[in-house]
Amino acid sequence: MANYDEDTAFLGQKGPFFIILFFLLNAIYISTGLHGLYIVFVGASPSHHCRIADGNLSEEWMKASIPNEMVNGKVQPSQCWRYSLETVRDLSAQGYSPLEVNLTDITLETCVDGWSYSTEIYHSTIVSEWGLVCDREWRVPLTTSTLYMGYLLGSLVSGQLSDRFGRKKVLFVSLGAEALVMLAQSFSDSWLIFCILYFFVGAFQISLYITAFVLGSEVLSESMRVLFTTLGAFLHYCVGYMLLPWMAFAVRDWRSLLRALSGLTVVYIPLWWMIPESPRWLLSQGRVLESEAIVREAAQKNNVSAPDVIFREPQVKQINTFSVLDVLRTRDIRETTLLCLLLWMAINIGYFGLSLNTTNLSGDPFLNCFLSAVTEVPAYIVSTLLLKSCPRRPVLSAFLVLGGGFLLLLQLIPDSLNTLALALEMAGKFGFTMSFTVVYIYTAELYPTVLRNLGMGLCSSAARIGSITAPYIIFLGTYSRYLPYILMGSLTMASSITNMFLPETFEKELPETLEQMQRCKRFIRRDKHSLEEGKGPALSRK
């Protein structure tokens with residue numbers, strides 16, 4: 001494809017064809033923001049306590065049947081235990097009132113009759129419908145992880161499918177399949193069926209995201225391509241993310257919410273006739289006439305004349321192929337890969353952990369989710385601007401320290417300062433979002449051209465492992481409120497140190513071959529040249 005940009009240079013940089021396509025592809029990213037985190041509301045746990053299935057008990061005795069317990073320094077009604085209902089019945093029948101009895105002497109029992117859930121915030125969630133509390137509470141983070149397990153599969157398969165069948169077909173099949181699976185998910189009659197379908201939602205969702213990204217990169221002009229891959233996709237994802245809490249606020253039943261989110265996908269049907277296939281992909285398949293037809297249509301929309309023959313030279317050339325083993329073959333590449341994997345895992349644990357934690361914060365869960373989404377907008381803008389003029393390594397370390405440091409400070413904030421605690425968590429999310437943007441560009445600049453796709457794919461897989469782990473990190477908050485923040489903050493601070501061992505890439509040419517790839521920094525190493533010259537094991541800093 002080395003000559004494609006030269007052969008299509010007559011189209012210009014900012015004609016109507018490119019501008020319209022830019023907004024159409026970005027509109028698709030709004031759907032990924034809407035669908036990416038609906039589990040925050042669908043899987044929320046309403047306030048609950050053991051159901052007291054006895055209509056003969058007075059209201060006073062029914063309230064007294066739930067013991068109080070200490071949770072995170074606060075006294076609240078137990079969510080998983082009640083006093084023995086048989087004993088309570090006997091005491092009530094004998095004419096005693098709760099004030100006349102030492103309730104702590106009564107035997108405790110589990111919620112054998114189920115639970116009563118508050119409908120003040122959520123009318124229905126999968127937690128309240130299938131009783132995913134107490135001894136079954138572990139199923140909630142597992143539910144969330146199934147989405148990211150689907151991400152792992154989709155990120156591995158989508159590239160091969162789009163290479164074989166075309167970008168456009170895979171894009172719209174993924175979009176339609178995701179909507180249909182979400183619709184089927186709304187009719188789930190068990191937790192297991194919900195999780196299986198959620199896995200496929202994740203696979204189709206990441207396939208949609210990646211394929212749209214590739215299609216935009218291949219069809220848009222160079223200037224529009226840069227804007228699309230840096231700000232366009234991310235900001236429009238944020239638009240969908242910001243719309244999600246307001247939809248969840250309006251539709252508080254989980255089944256109805258999924259059907260509403262799925263139904264909105266119909267607005268994308270006309271885009272099938274408005275978004276073209278990638279001319280680059282068509283050329284790679286030898287379909288030159290179809291590719292030229294799309295380029296001529298683009299020229300007509302841009303009001304420019306196309307030459308009689310657009311593609312004069314063969315667009316496909318034989319290249320050497322590399323495997324995952326090549327990413328680990330030499331010491332320098334192994335070190336770079338290992339450090340990048342650690343960075344991607346740490347950043348994704350923090351980013352998705354904080355995104356999933358919004359309903360656990362004090363205050364309105366819908367507003368908290370909206371603020372979490374809003375925080376990402378300036379983060380993407382600031383990080384993109386800094387990437388144009390600042391070295392990657394110190395910038396990434398600074399963002400990691402920023403995100404992790406604010407999380408570690410949360411344990412020092414008293415419970416009475418809920419607003420300050422919320423502000424610190426949003427500041428942490430700001431740091432993680434900027435780190436996410438920088439590490440993506442930084443990693444691409446570290447690997448040589450011959451291994452860049454493989455290296456990015458391996459790091460993306462590590463990111464999926466981090467996102468699969470994130471729900472369990474948040475789940476630890478049921479045992480200690482600050483434990484998730486301590487773990488995420490400590491991991492991020494450690495990764496900021498790890499990052500300093502990577503080479504700097506700012507204002508340096510992208511490596512093309514393995515030989516050009518920069519070595520990782522080592523504090524002390526043996527100077528081989530000195531040994532060869534017989535000067536002894538001289539030590540040098542690098």
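The model is predicted, so some limits apply: local features need pLDDT of at least 70, side-chain atom pairs count only at pLDDT 80 or more, and totals for chains, interfaces and linings use all residues. Residues are numbered from 1 along each chain as its sequence is written, and side-chain values use heavy atoms, with hydrogens and water left out.

I start with the whole chain. Its secondary structure comes to 21 helices and eight strands; these are DSSP runs numbered from the N terminus, helices being H or I with at least four residues and strands E with at least two. Of the 542 residues, 50% count as buried, where buried means under 20% relative accessible area, exposed over 50% and partly exposed in between, with a 1.4 Å probe and protein chains only. Contact means heavy atoms within 4.5 Å. Among contacts between residues at least 6 apart in sequence, 79% join residues at least 24 apart.

Next, a helix pair. Two packed helices are described by the angle between their axes and the distance between the axes. The axes of helix 16 (residues 365-387) and helix 18 (residues 418-446) come within 8 Å and cross at roughly 40°. Axes here are lines fitted to C-alpha atoms, for helices over the stretch in contact, and angles run from 0 to 180 degrees between N-to-C directions. Helix 16 and helix 18 are therefore oblique to each other; under 35 degrees counts as roughly parallel, over 145 as roughly antiparallel, 65 to 115 as roughly perpendicular, and the rest as oblique. Residues of helix 16 that meet helix 18 include Leu371, Tyr380 and Leu387, and among those they meet in helix 18 are Met426, Phe430 and Ile441.

Now the cores. A nonpolar core is a set of buried Ala, Val, Leu, Ile, Met, Phe, Trp, Tyr and Cys residues joined through side-chain atoms within 4.5 Å. Which members of the largest core touch the most others? Of its 79 residues, they are Tyr38, Phe41, Ile126 and Phe194. The largest share of this core, nine residues, comes from helix 10 (residues 222-250). Apart from it lies another core, of 32 residues, among them Ile28 and Ala299.

Last, two buried residues. Serine 145 is in helix 7 (residues 139-165) and counts as buried because its relative accessibility is 0%. Beyond its neighbours within four places in sequence, serine 145 contacts Ile468, Pro471 and Tyr472. Asparagine 499 lies in helix 20 (residues 483-499) and is also buried, with a relative accessible area of 0%.
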